[in-house]
Amino acid sequence: MNYKVNRIDDQTWSVEDEGVRFFLLTGTEKGLVIDSGRTTKNAREIAESITSLPLQLLNTHADMDHTAGNDAFDTTLMHPAEYVNYFQRGATHPTPTPVWDGDVIDLGGRPLRVITQPGHTPGSIALLDINRRVLFSGDSIQNGKIFLFGPMRNLIGYRQSLDKVWAHRSEYDLIYPSHADLPLKPEIIPELMACMDKILAGEASFQAGERFGAQIKIYDMGTAAFLCD
C-alpha cells in the first residue's frame, strides 16, 4: 500500500491513495473520516495516528475505491439511496447509518451539511464544511475522470445535481474532490454543466474505449473526461 498524508490545516487532512483521496476532519468533540480509500485497509489506523478523538466514518458513495478501509469501523454514514450500490458490491460490514439531504453532522464547533448529488451513483453526497466554506465533493465535481457508465449511473440526474450544488454557490469558496486536483474553484461547476449539456444534446465528440470489460464513450472535454455508456 502506498499512501501519503497531507495536512491541509490544523483540523483537516487528506490521504492520497493511488489516485483516490480521502479525508480526516476534526472538531472539538470527534473526528470524521470521509471515505476510506482504494487500497488502504488501515484508514482508521491512519486517522488514529493523527487524532485521539472518537471517529465516525462517512462514505460519499459506495464505489470500491472509496470503501477499502470500511471494515475497521462499526458503522458508516451513507445516504440510503446508496445502499443498493453498497450491498450489490458485496459489502456486509460496517452497517450503514442513514444521512439525509440537509442533515448537519457536528464534530464540535465544526458543522457539516449533507448535500445529495445523485447521478454518479444514486446516493452520492457532498459535505459542506459550513464555517470553513469548503465543499467536499466526492467524485461528482472534479477535473479528472468522471464515471457515468454502467448500472445505477444517470447522466440527467448528474446534470441536475450540478444545478443543485451550484445553487449553494454563496456558501463555499473552495472544492475538495476525491480525485485529481485539490483544491478547485467553484467556477468548475458551470464548466461541467456546459460539458454535460453538449453531451446530452449529442453535440460532443467522443472516443471509444473500454473499462472493466465494458465498451464506453470517453468525452474528453478539457475541464474533465466523462466516461459514459
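With which side chain does the side chain of Arg-113 make a polar contact? In this predicted model, the partner is the side chain of Glu-171, at 2.6 Å.

The place of Asn-70 is in the loop between strand 5 (55–58) and strand 6 (75–78). Is Asn-70 buried or exposed? Asn-70 counts as buried because its relative accessibility is 2%. Leaving aside residues up to four places away in sequence, Asn-70 touches Ser-36, Leu-57, Asn-59, Thr-76, Tyr-86 and Pro-94.

At its start, a side-chain oxygen of Asn-154 reaches to within 3.2 Å of the backbone nitrogen of Ile-156. The buried residues of helix 3 are Gly-157, Tyr-158, Arg-159, Ser-161, Leu-162 and Val-165. In an α-helix, residues three or four places apart point the same way, because there are 3.6 residues a turn. The buried positions in helix 3 include Tyr-158, Ser-161, Leu-162 and Val-165. Which elements cover these buried residues? The cover includes strand 9 (111–116), strand 11 (134–138), strand 12 (145–148), helix 4 (188–200) and strand 16 (225–228).

Several backbone features lie in loops. Most residues other than glycine have a negative phi, and most peptide bonds are trans. Met-152, in the loop between strand 12 and helix 3, has a phi near 75 degrees, a positive value in a residue other than glycine. Met-152 counts as partly exposed because its relative accessibility is 30%. Glu-18 also has a positive phi, near 50 degrees, and its place is in the loop between strand 2 (12–17) and strand 3. With a relative accessibility of 43%, Glu-18 counts as partly exposed. As for the peptide bonds, the one from Leu-182 to Pro-183 is cis, with omega near -5 degrees. Pro-183 lies in the loop between strand 13 (174–177) and helix 4.

The next topic is open space in the model. About 440 Å³ lies in the largest pocket. Its lining consists of 18 residues, and those nearest its centre are Asp-63, Asp-65, Phe-147, Arg-153 and Phe-212. By class, seven lining residues are nonpolar, four are polar and seven are charged. The second largest pocket holds about 250 Å³ of space. It is lined by 14 residues, with Met-64, Thr-67, Ala-68, Asp-71 and Ala-91 nearest its centre. Here the lining has five nonpolar, five polar and four charged residues.

How many cavities of 30 Å³ or more does the structure hold? The structure holds one, and about 40 Å³ of space lies in the largest cavity. Val-15, Phe-22, Phe-23, Leu-24, Val-33, Ala-43, Ile-46, Ala-47 and Ile-50 form its lining. Strand 3 (20–26) and helix 1 (43–50) each supply at least two of the lining residues, and the largest share, four residues, comes from helix 1. By class, the lining of this cavity has nine nonpolar residues, with no polar and no charged ones.

Terms used. Residues numbered from 1 in each chain as written. Predicted model: local features only at pLDDT ≥ 70, side-chain atom pairs only at ≥ 80, totals over all residues. Heavy atoms only, no water. Buried < 20%, exposed > 50% of the residue type's maximum accessible area, 1.4 Å probe, protein only. Contact = heavy atoms within 4.5 Å. Polar contact = N/O pair within 3.5 Å; in protein donor to acceptor, adjacent residues only side chain to side chain. 1 Å grid on protein atoms, 1.4 Å probe; cavity = no way out; pocket = protein on both sides within 12 Å on 5 of 7 lines; lining within 4 Å. Points joined across faces, edges and corners; volume = space filled by probe spheres on them. Nonpolar A, V, L, I, M, F, W, Y, C, P; charged D, E, K, R; others polar.
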